[in-house]
Amino acid sequence: FVYAADFRGRLYALTTGVSPQGSDMQKALLEFADGKPLLSRKSQDWFCIAGANRFGFDKASLQDRVKWVMDRKEAFMAIASDPIGYRDWTEADSPLQFLAWCFEFAEWQTKGDAFVSRIAVGMDGSCNGLQNFSAMLRDEIGGRATNLIPGPKPNDIYQMVADVTKMRLGAMTGLDENRESYRQRWLKHGMNRTLVKRSVMTLPYGSTRFSSAEFIEGDYLKAGKVPEFAKDEYRRASAFLSFPVWESIGDVVVKAREAMEWLQDASGLILKAGHSQIMWVSPSGFPVIQSYWEQIDHRINTKLCGATKILVPSESKDAHPRKHRNGIAPNFVHSLDAAHLTLTINAAKAQGIDALAMIHDDYGTHAADAPVLYKLIRSVFVDMYESNDPLAQFAARYPEVTFKAMPSKGNLDLAAVLESEYFFS
């Protein structure tokens with residue numbers, strides 16, 4: 001596949017119809033041209049982990065994921081032999097990719113060492129935008145929530161935010177009758193990871209408290225998951241809950257929000273200094289140029305179809321301050337995750353890994369090469385942030401601008417990432 005970089009350095013496959021970055025069906029149809037055997041215990045384990053991940057059993061330890069697969073060996077063999085008759089695969093998070101894995105699993109069980117695997121074993125980051133912000137500012141709280149710090153099982157940042165939200169709801173007092181009713185009904189329903197997930201995962205990409213209310217209403221309430229509320233209460237109920245959810249996100253990822261606010265303020269100061277574009281260089285050496293322009297609308301009066309008026313928009317030479325402010329934080333963190341991916345690809349090539357399936361924060365390769373890629377993802381990430389101070393380097397490009405004080409750094413030991421099983425898993 002041919003890939004192109006956008007202005008932030010993020011890579012996109014230039015195809016339609018079938019792509020490594022496409023739908024579940026598209027990904028399920030793709031495999032590496034050349035297969036590799038599963039001759040080591042580690043490669044076999046990663047092949048099993050891929051199956052568990054594709055099904056959705058990805059919150060357990062890596063060892064438990066392997067055990068989960070082997071305990072269900074006969075069921076997966078049955079699915080591969082008759083996917084119409086045995087339809088458990090349809091319950092997977094990625095059903096068609098899981099079915100493709102079942103076909104390979106059955107072939108492995110039948111052929112043993114003669115089997116060669118061609119599917120990609122993917123490793124996902126844990127809320128990757130927040131991982132980058134936490135590493136950038138050495139945030140031990142956000143780092144623990146996003147698995148930069150080793151633990152016996154994956155930390156679930158979404159459930160952590162849900163738990164803090166529950167405590168915050170329980171402690172609220174002095175509400176009027178209507179809001180107290182919302183509070184009690186939300187507590188009765190209970191807080192869960194699904195309820196807060198989009199609000200958390202989109203934080204590094206510019207979401208707001210208002211976005212959180214929209215996510216709660218659109219993704220959760222309108223899906224009929226809360227029988228405690230009538231349809232005409234959805235908007236008010238979601239608006240009410242968005243406040244404790246938004247505050248709870250700030251409790252869990254303090255430094256990320258500080259970095260975002262600093263970048264937003266910085267964008268305004270740079271434009272006031274006379275710049276019409278904002279530029280920085282990512283840790284991979286990719287030059288990023290953020291350009292947002294004011295729009296000029298030209299109205300053309302015609303005699304067509306009853307004097308139809310045609311509006312023709314065009315860009316002016318003036319920067320658009322609001323778009324720059326809204327775009328700077330997501331674009332900045334996207335340039336960092338793109339740099340991590342690019343540097344990891346280069347390191348993998350140097351180690352002889354010749355087949356990769358990469359989707360922003362989902363890194364995949366053959367099961368046989370997964371143990372090597374697993375280590376490279378971590379070592380490259382640590383080196384990237386030990387060798388670079390992205391916010392300071394950003395500010396240094398504009399010596400004429402007096403920026404606000406940068407967010408202070410925490411006490412996160414970046415080297416801990418090297419030992420964290422669930423940083424990417």
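View 1. Leaving aside neighbours within four places in sequence, Ser-238 is in contact with Ala-213, Ile-216, Glu-217 and Leu-221. Contact means heavy atoms within 4.5 Å. Ser-238 sits in helix 12 (residues 234-252). Helices (H or I, at least four residues) and strands (E, at least two) are DSSP runs, numbered from the N terminus. Ser-238 counts as buried because its relative accessibility is 1%. Buried means under 20% relative accessible area, exposed over 50%, and partly exposed in between (1.4 Å probe, protein chains only).

This is a predicted model: local features need pLDDT of at least 70, side-chain atom pairs count only at pLDDT 80 or more, and totals for chains, interfaces and linings use all residues. Residues are numbered from 1 along each chain as its sequence is written, and side-chain values use heavy atoms, with hydrogens and water left out.

**View 2. Ser-267 in helix 13.** Helix 13 (residues 254-272) holds Ser-267. Ser-267 counts as buried because its relative accessibility is 1%. Which residues does Ser-267 contact, leaving aside its neighbours within four places in sequence? They are Ile-278, His-324, Arg-325 and Ile-328. Asn-411 is 144 residues from Ser-267 in sequence. In space, the two are 27 Å apart, C-alpha to C-alpha.

View 3. The strands run in the order 5-11-10, with antiparallel pairing. Two strands pair if DSSP finds at least two bridges between them. Strand 5 and strand 10 stand at the edges, each with a single partner strand, so one side of each has no neighbour in the sheet. Neighbouring strands of this sheet are turned by 15 degrees against each other on average, direction ignored. Axes are lines fitted to C-alpha atoms, for helices over the stretch in contact, and angles run from 0 to 180 degrees between N-to-C directions.

**View 4. Strand 5 beside strand 11, with two helices on the sheet.** Strand 5 and strand 11 pair in the antiparallel sense over 4 bridges. Met-123 has Tyr-363 in strand 11 as its bridge partner. Helix 14 (residues 321-350) packs on the sheet and touches strand 10 and strand 11. The direction of helix 14 makes about 15 degrees with that of strand 11. Helix 15 also packs on the sheet, where it touches strand 5 and strand 11. The direction of helix 15 makes about 150 degrees with that of strand 11. Back in the strands, Asp-124 stands opposite Asp-362 in strand 11.

**View 5. The hairpin of strand 10 and strand 11.** These antiparallel strands are joined by 3 bridges. Ala-357 has Gly-364 in strand 11 as its bridge partner. How many residues lie between the two strands of the hairpin? There are 2. His-360 lies in this loop, between strand 10 (357-359) and strand 11 (362-365). Most residues other than glycine have a negative phi. His-360 has a positive phi of about 65 degrees, although it is not a glycine. His-360 counts as buried because its relative accessibility is 16%.

View 6. Cys-127 is found in the loop between strand 5 (121-124) and helix 6 (128-136). Phi of Cys-127 is positive, near 50 degrees, in a residue other than glycine. Cys-127 counts as buried because its relative accessibility is 10%. After helix 6 comes Arg-138, with a positive phi near 50 degrees.

**View 7. The buried residues of helix 4.** In helix 4 (residues 73-81), Phe-76, Ala-78, Ile-79 and Ala-80 are buried. The buried residues of helix 4 pack against helix 3 and helix 5 (95-111).

**View 8. The second largest pocket.** About 390 Å³ of space lies in this pocket. On a 1 Å grid over the protein atoms alone, a pocket is an open set of points where a 1.4 Å probe fits, with protein on both sides within 12 Å along at least five of seven lines; lining residues have an atom within 4 Å of a point. Grid points are joined across faces, edges and corners, and a volume is the space filled by probe spheres set on the points. The lining has 15 residues, of which Lys-42, Trp-46, Leu-62, Tyr-374 and Glu-421 lie nearest the centre. Helix 2 (41-55), helix 3 (62-71) and helix 15 (370-387) each supply at least two lining residues. The lining divides into 7 nonpolar, 2 polar and 6 charged residues. Ala, Val, Leu, Ile, Met, Phe, Trp, Tyr, Cys and Pro count as nonpolar, Asp, Glu, Lys and Arg as charged, and the others, Gly among them, as polar.
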